[in-house]
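Good morning, and thank you for joining. I shall begin with the chain as a whole and then turn to a single residue.

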Amino acid sequence: MNLNNLRAPIIVFWDLNPVSNVSQNVINRICDDLLLNKIFFLNIWDPSPSIGTDCSIILKNLKDENINVTLTASYPALEISDLENFMPALKKILISIDSTDQIASIAEKIQSEKPGIHSIGISYSITENTFNNVPDILRSCSEAGINNVHFPIQRVSADEKIFWLDSEKNQWLSEKIKHIKTNGLNIVIHDPFLWKTFNRGLNQNEKGCQGGNTMIYISGSLDVTPCPLLPVVLGNLLSESLTEIFSSNIRQEIRKFISMPPRECGDCEKVIECRGGCRGRTYVSHKTFDKRDPACLQPWN
(Lines give C-alpha, C1' and ligand atoms only; values in the text may rest on other atoms or scores of the structure.)
Protein backbone atom coordinates (compact mmCIF):
# COMPACT_ATOMS: atom_id res chain seq x y z
CA MET A 1 0.00 0.00 0.00
CA ASN A 2 1.29 3.46 -0.94
CA LEU A 3 0.92 5.56 2.20
CA ASN A 4 1.63 8.90 0.54
CA ASN A 5 -1.35 11.27 0.31
CA LEU A 6 -4.10 8.82 1.14
CA ARG A 7 -7.68 9.65 0.18
CA ALA A 8 -8.69 8.79 3.73
CA PRO A 9 -6.68 7.89 6.84
CA ILE A 10 -6.51 4.27 7.96
CA ILE A 11 -5.99 4.95 11.68
CA VAL A 12 -8.34 6.88 13.96
CA PHE A 13 -7.71 7.90 17.57
CA TRP A 14 -10.99 8.67 19.34
CA ASP A 15 -10.97 10.08 22.88
CA LEU A 16 -14.35 9.87 24.59
CA ASN A 17 -15.73 12.47 26.97
CA PRO A 18 -17.38 10.78 29.98
CA VAL A 19 -19.64 13.81 30.58
CA SER A 20 -20.60 14.53 26.98
CA ASN A 21 -24.18 14.73 25.80
CA VAL A 22 -23.56 13.31 22.34
CA SER A 23 -26.67 11.60 21.03
CA GLN A 24 -26.66 7.95 20.04
CA ASN A 25 -27.63 8.96 16.51
CA VAL A 26 -24.43 10.98 16.16
CA ILE A 27 -22.30 8.12 17.48
CA ASN A 28 -24.03 5.70 15.12
CA ARG A 29 -23.38 8.03 12.19
CA ILE A 30 -19.68 8.33 13.07
CA CYS A 31 -19.40 4.54 13.28
CA ASP A 32 -21.02 4.25 9.86
CA ASP A 33 -18.50 6.80 8.56
CA LEU A 34 -15.59 4.77 9.95
CA LEU A 35 -16.79 1.74 8.04
CA LEU A 36 -17.62 3.69 4.88
CA ASN A 37 -14.09 5.06 4.78
CA LYS A 38 -12.59 1.63 5.49
CA ILE A 39 -10.72 2.61 8.62
CA PHE A 40 -8.40 -0.27 9.52
CA PHE A 41 -7.53 0.65 13.11
CA LEU A 42 -9.66 2.45 15.69
CA ASN A 43 -8.03 3.41 18.98
CA ILE A 44 -10.60 4.39 21.62
CA TRP A 45 -9.70 6.02 24.93
CA ASP A 46 -12.45 5.88 27.55
CA PRO A 47 -11.43 7.53 30.85
CA SER A 48 -14.65 6.51 32.64
CA PRO A 49 -14.27 4.44 35.85
CA SER A 50 -16.30 1.79 34.05
CA ILE A 51 -16.92 1.42 30.34
CA GLY A 52 -19.14 4.38 29.45
CA THR A 53 -22.36 4.45 27.46
CA ASP A 54 -20.74 6.07 24.41
CA CYS A 55 -17.98 3.45 24.36
CA SER A 56 -20.49 0.60 24.64
CA ILE A 57 -22.48 1.98 21.70
CA ILE A 58 -19.34 2.20 19.55
CA LEU A 59 -18.21 -1.32 20.43
CA LYS A 60 -21.67 -2.76 19.75
CA ASN A 61 -21.81 -0.99 16.38
CA LEU A 62 -18.45 -2.35 15.31
CA LYS A 63 -18.23 -5.75 16.99
CA ASP A 64 -18.95 -7.79 13.84
CA GLU A 65 -17.24 -5.45 11.37
CA ASN A 66 -13.90 -5.65 9.58
CA ILE A 67 -12.09 -3.16 11.78
CA ASN A 68 -9.40 -3.61 14.42
CA VAL A 69 -10.36 -1.88 17.66
CA THR A 70 -8.02 -1.14 20.55
CA LEU A 71 -9.65 0.13 23.73
CA THR A 72 -7.68 2.02 26.35
CA ALA A 73 -9.66 1.92 29.58
CA SER A 74 -9.08 3.32 33.04
CA TYR A 75 -7.60 1.11 35.75
CA PRO A 76 -10.88 0.89 37.75
CA ALA A 77 -12.64 -0.51 34.66
CA LEU A 78 -10.38 -3.57 34.78
CA GLU A 79 -12.54 -5.39 37.33
CA ILE A 80 -15.93 -3.98 36.39
CA SER A 81 -16.24 -4.51 32.66
CA ASP A 82 -16.95 -7.69 30.75
CA LEU A 83 -15.59 -6.97 27.28
CA GLU A 84 -15.90 -10.41 25.71
CA ASN A 85 -19.30 -9.42 24.28
CA PHE A 86 -17.60 -6.96 21.94
CA MET A 87 -15.45 -9.50 20.13
CA PRO A 88 -14.25 -10.05 17.47
CA ALA A 89 -13.59 -6.41 16.49
CA LEU A 90 -12.12 -5.62 19.91
CA LYS A 91 -8.61 -6.95 19.40
CA LYS A 92 -6.69 -5.29 22.19
CA ILE A 93 -7.43 -3.83 25.62
CA LEU A 94 -4.95 -1.45 27.23
CA ILE A 95 -5.29 -0.47 30.88
CA SER A 96 -4.16 3.06 31.62
CA ILE A 97 -1.91 3.07 34.68
CA ASP A 98 -0.09 5.72 36.67
CA SER A 99 2.13 3.55 38.87
CA THR A 100 3.92 0.20 38.93
CA ASP A 101 1.71 -0.88 41.84
CA GLN A 102 -1.15 -1.50 39.41
CA ILE A 103 0.77 -3.91 37.19
CA ALA A 104 0.39 -7.00 39.41
CA SER A 105 -3.43 -6.98 39.26
CA ILE A 106 -3.33 -6.51 35.48
CA ALA A 107 -1.02 -9.52 35.22
CA GLU A 108 -3.53 -11.56 37.25
CA LYS A 109 -6.30 -10.49 34.87
CA ILE A 110 -4.24 -11.61 31.89
CA GLN A 111 -3.57 -15.00 33.46
CA SER A 112 -7.27 -15.52 34.13
CA GLU A 113 -8.32 -14.74 30.56
CA LYS A 114 -9.41 -17.50 28.23
CA PRO A 115 -6.78 -18.24 25.56
CA GLY A 116 -7.27 -16.22 22.40
CA ILE A 117 -10.01 -13.95 23.79
CA HIS A 118 -8.08 -10.71 23.37
CA SER A 119 -4.75 -9.10 23.99
CA ILE A 120 -4.32 -7.10 27.21
CA GLY A 121 -1.57 -4.63 27.98
CA ILE A 122 -0.86 -1.33 29.67
CA SER A 123 -0.82 2.29 28.55
CA TYR A 124 1.45 4.73 30.35
CA SER A 125 1.51 8.43 29.51
CA ILE A 126 4.98 9.95 29.56
CA THR A 127 5.10 13.50 30.85
CA GLU A 128 7.59 15.68 32.66
CA ASN A 129 6.30 14.28 35.96
CA THR A 130 6.19 10.59 34.96
CA PHE A 131 9.28 10.19 32.77
CA ASN A 132 11.53 8.89 35.56
CA ASN A 133 9.20 5.93 36.09
CA VAL A 134 9.60 4.54 32.56
CA PRO A 135 12.44 2.06 33.40
CA ASP A 136 10.47 0.72 36.39
CA ILE A 137 7.35 0.34 34.24
CA LEU A 138 9.28 -1.67 31.65
CA ARG A 139 11.00 -3.82 34.26
CA SER A 140 7.75 -4.55 36.10
CA CYS A 141 5.91 -5.45 32.89
CA SER A 142 8.73 -7.74 31.80
CA GLU A 143 8.76 -9.53 35.16
CA ALA A 144 4.95 -9.79 35.30
CA GLY A 145 4.63 -11.20 31.79
CA ILE A 146 2.77 -8.19 30.36
CA ASN A 147 3.98 -8.04 26.77
CA ASN A 148 2.03 -5.06 25.39
CA VAL A 149 3.37 -1.73 26.60
CA HIS A 150 2.07 1.45 24.96
CA PHE A 151 3.37 4.96 25.45
CA PRO A 152 0.54 6.98 23.87
CA ILE A 153 0.76 10.25 21.99
CA GLN A 154 0.63 13.09 24.47
CA ARG A 155 -2.56 15.14 24.40
CA VAL A 156 -2.46 18.92 24.31
CA SER A 157 -3.54 20.33 27.66
CA ALA A 158 -3.39 23.76 29.23
CA ASP A 159 -2.45 22.07 32.51
CA GLU A 160 0.49 20.05 31.23
CA LYS A 161 3.71 20.99 29.50
CA ILE A 162 4.50 19.20 26.24
CA PHE A 163 7.22 16.67 27.00
CA TRP A 164 10.32 15.74 25.04
CA LEU A 165 13.71 14.19 25.70
CA ASP A 166 16.53 16.69 26.11
CA SER A 167 20.11 15.40 25.86
CA GLU A 168 20.37 14.74 29.60
CA LYS A 169 17.11 12.76 29.75
CA ASN A 170 18.01 10.88 26.57
CA GLN A 171 21.36 9.79 27.99
CA TRP A 172 19.80 8.82 31.33
CA LEU A 173 17.08 6.71 29.69
CA SER A 174 19.52 5.06 27.28
CA GLU A 175 21.67 3.91 30.19
CA LYS A 176 18.71 2.67 32.22
CA ILE A 177 17.08 0.55 29.52
CA LYS A 178 20.37 -1.16 28.69
CA HIS A 179 19.91 -3.22 31.83
CA ILE A 180 16.25 -4.17 31.26
CA LYS A 181 15.18 -7.24 29.32
CA THR A 182 12.81 -5.76 26.74
CA ASN A 183 13.13 -8.43 24.05
CA GLY A 184 9.77 -10.00 24.88
CA LEU A 185 7.94 -6.69 25.06
CA ASN A 186 5.84 -5.20 22.29
CA ILE A 187 6.61 -1.55 22.98
CA VAL A 188 4.59 0.99 21.00
CA ILE A 189 6.07 4.50 20.87
CA HIS A 190 4.81 7.31 18.62
CA ASP A 191 7.43 9.94 19.48
CA PRO A 192 10.13 9.50 16.77
CA PHE A 193 13.02 10.59 18.99
CA LEU A 194 11.91 8.53 21.98
CA TRP A 195 11.44 5.57 19.63
CA LYS A 196 15.01 5.96 18.40
CA THR A 197 16.31 5.88 21.98
CA PHE A 198 14.72 2.43 22.34
CA ASN A 199 15.76 1.25 18.87
CA ARG A 200 19.32 2.31 18.25
CA GLY A 201 20.33 2.29 14.59
CA LEU A 202 16.78 2.04 13.29
CA ASN A 203 14.72 4.80 11.71
CA GLN A 204 10.98 4.86 12.32
CA ASN A 205 10.27 8.23 10.77
CA GLU A 206 11.46 7.74 7.19
CA LYS A 207 7.99 8.60 5.85
CA GLY A 208 7.73 11.64 8.11
CA CYS A 209 4.83 12.76 10.28
CA GLN A 210 1.62 10.99 9.27
CA GLY A 211 -0.80 13.37 11.01
CA GLY A 212 -3.82 13.95 8.76
CA ASN A 213 -2.59 11.33 6.27
CA THR A 214 -2.58 7.80 7.67
CA MET A 215 -4.17 8.97 10.96
CA ILE A 216 -6.55 11.50 12.43
CA TYR A 217 -7.78 12.29 15.93
CA ILE A 218 -11.31 12.78 17.25
CA SER A 219 -11.43 14.74 20.51
CA GLY A 220 -13.99 14.47 23.29
CA SER A 221 -15.82 17.44 21.77
CA LEU A 222 -15.78 15.69 18.35
CA ASP A 223 -13.26 18.09 16.85
CA VAL A 224 -11.18 16.32 14.19
CA THR A 225 -7.46 17.18 14.10
CA PRO A 226 -4.48 15.60 12.27
CA CYS A 227 -3.25 13.92 15.47
CA PRO A 228 -3.69 14.22 19.26
CA LEU A 229 -0.68 16.54 19.48
CA LEU A 230 -1.56 18.83 16.60
CA PRO A 231 -4.50 21.06 17.60
CA VAL A 232 -5.44 22.31 14.13
CA VAL A 233 -9.16 21.66 13.76
CA LEU A 234 -10.14 20.16 10.41
CA GLY A 235 -13.84 20.00 11.26
CA ASN A 236 -16.36 18.87 13.85
CA LEU A 237 -18.42 15.69 13.65
CA LEU A 238 -21.51 17.31 15.15
CA SER A 239 -21.99 19.18 11.89
CA GLU A 240 -19.78 17.37 9.34
CA SER A 241 -19.08 13.81 8.31
CA LEU A 242 -15.67 12.17 8.28
CA THR A 243 -15.97 11.83 4.52
CA GLU A 244 -16.44 15.62 4.16
CA ILE A 245 -13.50 16.32 6.46
CA PHE A 246 -11.22 13.86 4.69
CA SER A 247 -11.91 15.51 1.33
CA SER A 248 -11.69 19.08 2.63
CA ASN A 249 -9.25 21.70 1.41
CA ILE A 250 -7.99 22.36 4.92
CA ARG A 251 -6.88 18.75 5.32
CA GLN A 252 -4.96 18.96 2.04
CA GLU A 253 -3.34 22.27 3.03
CA ILE A 254 -2.28 21.01 6.46
CA ARG A 255 -0.80 17.90 4.86
CA LYS A 256 1.36 20.12 2.63
CA PHE A 257 2.76 21.94 5.66
CA ILE A 258 3.31 18.73 7.62
CA SER A 259 4.99 16.80 4.79
CA MET A 260 7.57 19.52 4.09
CA PRO A 261 10.63 19.51 6.40
CA PRO A 262 10.94 22.70 8.48
CA ARG A 263 12.84 25.58 6.89
CA GLU A 264 15.05 25.64 9.96
CA CYS A 265 16.23 22.11 9.08
CA GLY A 266 17.08 22.93 5.47
CA ASP A 267 20.85 22.47 5.78
CA CYS A 268 20.78 19.54 8.19
CA GLU A 269 22.10 16.24 6.81
CA LYS A 270 19.79 14.28 9.16
CA VAL A 271 16.54 15.80 7.91
CA ILE A 272 16.15 13.04 5.31
CA GLU A 273 15.97 10.59 8.24
CA CYS A 274 13.83 12.42 10.79
CA ARG A 275 11.73 14.47 8.32
CA GLY A 276 11.42 17.21 10.93
CA GLY A 277 10.47 14.95 13.84
CA CYS A 278 7.14 15.44 15.59
CA ARG A 279 5.39 18.21 13.67
CA GLY A 280 2.65 18.56 16.28
CA ARG A 281 5.17 19.21 19.03
CA THR A 282 6.82 21.81 16.82
CA TYR A 283 3.53 23.55 16.13
CA VAL A 284 2.43 23.57 19.78
CA SER A 285 5.83 24.88 20.90
CA HIS A 286 6.40 27.51 18.19
CA LYS A 287 2.97 28.12 16.53
CA THR A 288 4.58 27.43 13.16
CA PHE A 289 5.73 24.46 11.07
CA ASP A 290 8.94 26.24 10.02
CA LYS A 291 10.87 25.52 13.22
CA ARG A 292 12.58 22.25 14.08
CA ASP A 293 11.24 19.81 16.66
CA PRO A 294 12.41 20.97 20.13
CA ALA A 295 13.34 17.32 20.82
CA CYS A 296 15.98 17.40 18.07
CA LEU A 297 19.47 16.84 19.54
CA GLN A 298 21.42 17.77 16.41
CA PRO A 299 23.99 20.55 16.93
CA TRP A 300 22.50 23.96 16.21
CA ASN A 301 24.27 26.11 13.61
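Of the 301 residues of this chain, 50% count as buried, where buried means under 20% relative accessible area with a 1.4 Å probe, protein chains only. Please note that this is a predicted model, in which local features need pLDDT of at least 70, side-chain atom pairs count only at pLDDT 80 or more, and totals for chains, interfaces and linings use all residues. Residues are numbered from 1 along each chain as its sequence is written, and side-chain values use heavy atoms, with hydrogens and water left out.

The chain contains 11 helices and 10 strands; these are DSSP runs numbered from the N terminus, helices being H or I with at least four residues and strands E with at least two.

Let us now consider Asp-15, which is found in strand S1, residues 11–15. Is Asp-15 buried or exposed? Asp-15 is buried, because its relative accessible area is 7%. Not counting residues up to four places away in sequence, Asp-15 touches Trp-45, Arg-155, Tyr-217, Ile-218, Ser-219 and Gly-220. With Tyr-217 there is also a polar contact between side chains, at 2.8 Å. A polar contact is a pair of N or O atoms within 3.5 Å; within protein, one must be able to donate a hydrogen and the other to accept it, and residues adjacent in sequence count only if both atoms are side-chain atoms.

Methods: Contact = heavy atoms within 4.5 Å.
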